[in-house]
Amino acid sequence: TGKSNYIDYRWLPEKTIPMVESVSKYLGMEQGSTVLDFGCARGYTVKAFRRIGMDAYGVDTSKWAIENCDPEVKGYVSTDFNSLVYDYVIGKDVCEHIPYQELVMIIRLLLYKTSRSLFLVVPLAWKDGGEYAGPKDEKDPSHCIRWELVTWMEFLRDMDSGFTVNGSLYLPGIKDAAGQWPRSCGFLTAKRI
């Protein structure tokens with residue numbers, strides 16, 4: 001529909017399972033860890049995490065996406081947050097779509113919802129408010145947050161002093177296509193102290 005860069009969005013196990021295995025290894029997840037995928041869409045990342053032995057769930061604002069979720073994750077994805085706290089909360093390619101004031105509330109909620117770590121993957125701008133480093137990100141009309149990595153890190157640090165925040169421009173196995181455009185992708189971890 002031209003609302004975003006996503007085309008032919010479908011279950012791709014050959015990409016999604018290795019990606020969640022990399023995330024799991026990077027965060028030090030153990031079998032059976034609870035995981036919340038924030039912005040889960042139709043639940044493909046939830047499905048992959050469940051397939052590698054995690055107790056994964058998802059939440060998304062799109063009622064259509066949840067109603068049309070992958071049948072394997074029906075009952076594990078929702079449009080509403082529940083009262084649970086998860087070991088890990090993941091948000092991949094979602095925060096840049098949320099207006100600033102709402103993002104503040106969402107990030108505080110996500111930090112509250114994790115007992116161990118929040119992990120975010122975001123596109124990066126060359127400078128705050130400027131063009132994205134990845135040309136594809138520049139073409140997505142639904143992107144509204146344009147920050148450098150350091151700004152994302154400062155933003156997370158300001159949300160809750162009970163976390164240590166780290167950021168990286170590259171993590172092997174997680175969005176490897178970002179290597180094509182150096183500095184185009186940020187990988188952020190807020191680990192509970």
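Reply: Leucine 188 is buried, because its relative accessible area is 0%. Buried means under 20% relative accessible area, exposed means over 50%, and partly exposed lies in between (1.4 Å probe, protein chains only).

Two notes on the basis. The model is predicted: local features need pLDDT of at least 70, side-chain atom pairs count only at pLDDT 80 or more, and totals for chains, interfaces and linings use all residues. Residues are numbered from 1 along each chain as its sequence is written, and side-chain values use heavy atoms, with hydrogens and water left out.

Leucine 188 sits in strand β7. Helices (H or I, at least four residues) and strands (E, at least two) are DSSP runs, numbered from the N terminus. Contact means heavy atoms within 4.5 Å. Setting aside neighbours within four places in sequence, leucine 188 contacts Leu118, Phe119, Leu120, Val122, Leu149, Trp152, Met153, Leu156, Asn166 and Gly167. Valine 165 is 23 residues from leucine 188 in sequence, with 7.1 Å between the two C-alpha atoms.

Now the core around it. A nonpolar core is a set of buried Ala, Val, Leu, Ile, Met, Phe, Trp, Tyr and Cys residues joined through side-chain atoms within 4.5 Å. The largest one has 30 residues, and the members touching the most others are Cys95, Leu103, Ile107, Leu118, Trp152, Phe155 and Leu188. At least two residues of this core come from each of β1, β4, α4, β5, α6, β6 and β7. Cysteine 95 touches Leu103, Ile107, Leu120, Val122, Ile145 and Trp152, with residues up to four places away in sequence not counted.

An α-helix has 3.6 residues a turn, so residues three or four places apart point the same way. The expected span of a helix is 1.5 Å times one less than its number of residues. For the 13 residues of α4 (residues 100-112) that gives 18 Å, and the end C-alpha atoms are 18 Å apart, which agrees.

On a 1 Å grid over the protein atoms alone, a cavity is a set of points where a 1.4 Å probe fits but cannot get out; lining residues have an atom within 4 Å of a point. Grid points are joined across faces, edges and corners, and a volume is the space filled by probe spheres set on the points. A search of the whole structure turns up one cavity of 30 Å³ or more. The largest cavity has a volume of about 40 Å³. Its lining is Met19, Val23, Thr45, Phe49, Ile90, Lys92, Phe119 and Val121. Elements giving two or more residues to that lining are α1 (13-27), α2, β4 and β5. Phe119 is also among the contacts of leucine 188.

Two loop residues are buried as well. Alanine 41 is in the loop between β1 and α2. It counts as buried because its relative accessibility is 18%. Its phi is near 55°, positive in a residue other than glycine. Aspartate 93 is in the loop between β4 and α4. With a relative accessible area of 10%, aspartate 93 is buried too. Its phi is near 60°, again a positive value in a residue other than glycine.

Finally, charge. A salt bridge is a side-chain nitrogen of Lys or Arg within 4 Å of a carboxyl oxygen of Asp or Glu. The structure holds eight of these. Lysine 47 pairs with glutamate 72, with 3.6 Å between the closest N and O atoms. Lysine 47 lies in helix α2 (residues 44-51) and glutamate 72 in the loop between α3 (63-67) and β3 (77-78), so the bridge ties together parts 25 residues apart in sequence. Lysine 47 is buried, at 6% relative accessibility, whereas glutamate 72 is partly exposed, at 37%. Lysine 63 forms a salt bridge with glutamate 67, the closest N and O atoms being 3.9 Å apart. Both lie in α3, four residues apart, about one turn of the helix. Lysine 63 counts as exposed, at 58% relative accessibility. Salt bridges with shared partners also join Lys47, Arg51, Asp70 and Glu72 into one network.

Conventions
On a 1 Å grid over the protein atoms alone, a cavity is a set of points where a 1.4 Å probe fits but cannot get out, and a pocket is an open set with protein on both sides within 12 Å along at least five of seven lines; lining residues have an atom within 4 Å of a point.
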